[in-house]
Amino acid sequence: MKKVTKHLNGIINAMVRCQLYVASVAMMMSLTACSDDDEPASGPTPTQNEAKLVLDKDKLAMIYSLRDLEGNKGRIYEMDYTVDYMLDKALNFGIDGTDRLKMFVALNLMDTIISTKSMNISYDAGCSAFACPDKTSGDYIMGRNFDFNHKDKNSNRIMIPVIAVHTAPAGGKKSVSFVDGQFVDYKSGFYTDGESDLSMLMALPYLLLDGINEDGFAVSVLKLDGNPTQQQETGKKKIFTTIAMRMLLDRASTVKQAYAMLKEFNMCMDRDSASYHFFMADATGDYAIVEYTNNNLKDYPRDMEVLTGNDTLRCVTNFYVSPTMGETEHGMKFSDHGMDRYLDLRKGLLEHNYVMTPEEGMSLLKQVAQGPESQRSTGFTQWSEIFNLTKKKVTMSILREWDKKFSFEVR
């Protein structure tokens, strides 16, 4: 009888342990992260998707640490990028466009030999940004809308995943940056769709569109019309748009340091009918627009200009603000690309005497956000951010859902 009782107790204990394990797994899967409305998640989002080009256990552990910040909606994720993404090697690789970036990722961040033709990377950005002091706290803030229309071949909107990427490089600065996953063919829900290969998550540090580092320096990129920038100064290494932003977040503390670094490279932007400018700001209150110009529109823009120190330059959209380009079709006088949003930004800043609270800043981003119902829209607002440059924090709303916010810190 004692043996039977002992055996039954063993079965019961095993069943209890099993139930506790199942309950703990279910609880982990139900948690969400980083939303102001919910408790932070304590663990990664489970997935069965493979990363076929990655073999290293530390890389795989990192890939499978991705967290869905809404539980299972597939719209916004967060990752701590914990392995070496080899910035020095990237800066020496001569990356002058997406093809060369794909080659760098394939040769240095993947673990198997593949054809880079199977790795898609594309960029675009039609956005708005501004910088000003916070009138209540004295902190400095930067606002940013990332606007882009992703459409399929039938002109149906593709819903994207936003990925927040935390990096802490050895010898460099910690930062958090933000990625549009569709630029590497990841659609909303890709992480748990049972189909998508997760290998391209290895490229995340070089896919950023904006971000902030531990010193309160923030940078964003915005699209321009016209020929792409192609600098060719003898003795300088080539650098691509997103490689440049990664370098700046890892190594610059201030706006002045950032544009001094950019001057050491030949900037190359490889889209046939677009170039880009940068909007940046820092915790000292400095801000700048960096453009590459050439008033001969048949040629490639090659002259780097830094525009700063004037309240009219506290905001930017999608036309050149440099006087060099002023009389061209892509400059301030004639371009319509983002002019309505620029005027609304200027008006909003002026009404607040160029001093706004973060809440007022987000309201201004709401005013210039783009959506499908607006006839004047040239894009679609994927995310809106207020960077607190003093506290090194970011408050984000996605898809014009203004009542729901996500918070990120540099850590």
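The model is predicted: local features need pLDDT of at least 70 and side-chain atom pairs pLDDT 80 or more, while totals for chains, interfaces and linings use all residues. Residues are numbered from 1 along each chain as its sequence is written, and side-chain values use heavy atoms, leaving out hydrogens and water.

**Helix H7.** Begin by selecting residues 339-351, which form helix H7; helices (H or I, at least four residues) and strands (E, at least two) are DSSP runs, numbered from the N terminus. Its buried residues (under 20% relative accessible area, with a 1.4 Å probe and protein chains only) include Met339, Tyr342 and Leu345. Just after H7, select asparagine 353, which takes a positive phi of about 55 degrees.

**From helix H8 to a loop.** Next, select glutamate 360 and lysine 135, whose side chains meet in a salt bridge (3.1 Å, N to O). A salt bridge is a side-chain nitrogen of Lys or Arg within 4 Å of a carboxyl oxygen of Asp or Glu. Glutamate 360 belongs to helix H8 and lysine 135 to the loop between E3 and E4, 225 residues apart.

Now select lysine 391 and aspartate 139, a salt bridge with its closest N and O atoms 2.4 Å apart. Aspartate 139 is buried, at a relative accessible area of 8%.

**Strand E2.** Finally, select glutamate 78 in strand E2 (residues 76-81). Glutamate 78 is linked with Arg67, Asp80 and Arg411 in a network of salt bridges.

Note on methods. The expected span of a helix is 1.5 Å times one less than its number of residues. Buried means under 20% relative accessible area, exposed over 50%, partly exposed in between (1.4 Å probe, protein chains only).
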